[in-house]
Every structure is written in structure tokens, then in C-alpha cells.
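My entries follow the display.

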Amino acid sequence: MDVTEVLLPGVGLRYEFTNHQGDRLGVVARRTGDFEVVVYKAEDPDAARTVLRLNAEEADTVAEILGAPRIAERFADLTKEVPGLLSGQVEVRAGSPYDGQPLGSTRARTRTGASIVAIVRGNDVIASPTPQEAFRRGDILVVIGTCEGIAGVEQIIQG
């Protein structure tokens, strides 16, 4: 399925696709963490009707139900709007001192200024993990920060 991604400066991202019935659908991922599901009118492809509004928690729940890996993979696109802010991925490898340890024990944000905003675990995504969320070998951490901050998180996680 072809999904078009459109950067909405100051707003976030819009994902658009045409479903099997020919309806053009969109999902607007706002920088605030809120989401809107919209349907475009056939007679006016620029006009959309909002059919559903979700806050961040509700969107996380729907994403978990529907399969969230795509959201984590595309989260990096939101950082394009903010100069100097990057996203990166850090793997929790075998032998990491944080394998089995909670996120909070890393003190990553305090030590590096970078934030671990999601954990990709197999086909699941833990968005906005709590400090109590324990890492597992093979987890992919989605990190937002400066280049130096992301490198610092990798150093911490790898030991």
C-alpha cells in the first residue's frame, strides 16, 4: 500500500493512503502528541472531514492494537522541523549492563540531555516508556537529542 507522508511545518506529519474501497484517508500526527483521522471528500481532494481525534495515550493504545512499529520508525521525521534535534536508534546488545535493568537506572536524560522516547521490542513498540520499564537484550531504543547526546546514550547502554 502506498502511504504518502507530508511534513506539516509547525504541526507535525500527515500520512495519507487510499483504502480498498477507494476512500482517501489521512492521519495527522501532531507535535503535541495528538492525532486526527480524516477522510477526504471525493469531490474535493483538498477538503477533509475529521472522523476521530485521539490524545497521545489513546493513539498509543490504537497503535498497539494495529501494530505500532511504523510509528516508531517514522518518529524521526518530526525532528526535521527542529534544527539540531536528531533521532537515533540504540540497540541493547548481549552483555549490556542495562539488559534487564529499568530505563530510569541509566539516568540517560540527566547525563546526556537526550531522551529515550520509545522502545521497539520485536513487533511491539513501547511509546513514552516509564522509568520503571526494563530493557531486554535486542530492544531498539528510539532516542531524541543532539548527535552528542545520542552517542552518549549509546555509550551508556553498551557499557
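I am reading a predicted model, where local features need pLDDT of at least 70, side-chain atom pairs count only at pLDDT 80 or more, and totals for chains, interfaces and linings use all residues. Residues are numbered from 1 along each chain as its sequence is written, and side-chain values use heavy atoms, with hydrogens and water left out.

Entry on the core. I looked up the largest nonpolar core and found 15 residues. By nonpolar core I mean buried Ala, Val, Leu, Ile, Met, Phe, Trp, Tyr and Cys residues joined through side-chain atoms within 4.5 Å; buried is under 20% relative accessible area, exposed over 50%, partly exposed in between (1.4 Å probe, protein chains only). Strand 7 (115-121), strand 9 (140-145) and helix 4 (147-158) each supply at least two of its residues; helices (H or I, at least four residues) and strands (E, at least two) are DSSP runs, numbered from the N terminus. Helix 4 gives the largest share, four residues.

Entry on Val-153. Leaving aside neighbours within four places in sequence, I found Val-153 in contact (heavy atoms within 4.5 Å) with Val-90, Ala-108, Thr-112, Ala-114, Ile-116 and Val-143.

Entry on helix 4. Gly-149, Ile-150, Gly-152, Val-153, Ile-156 and Ile-157 are buried. I noted that the buried residues pack against strand 6 (86-91), helix 3 (108-112), strand 7 and strand 9. Just after helix 4, Gly-159 takes a positive phi of about 85°.
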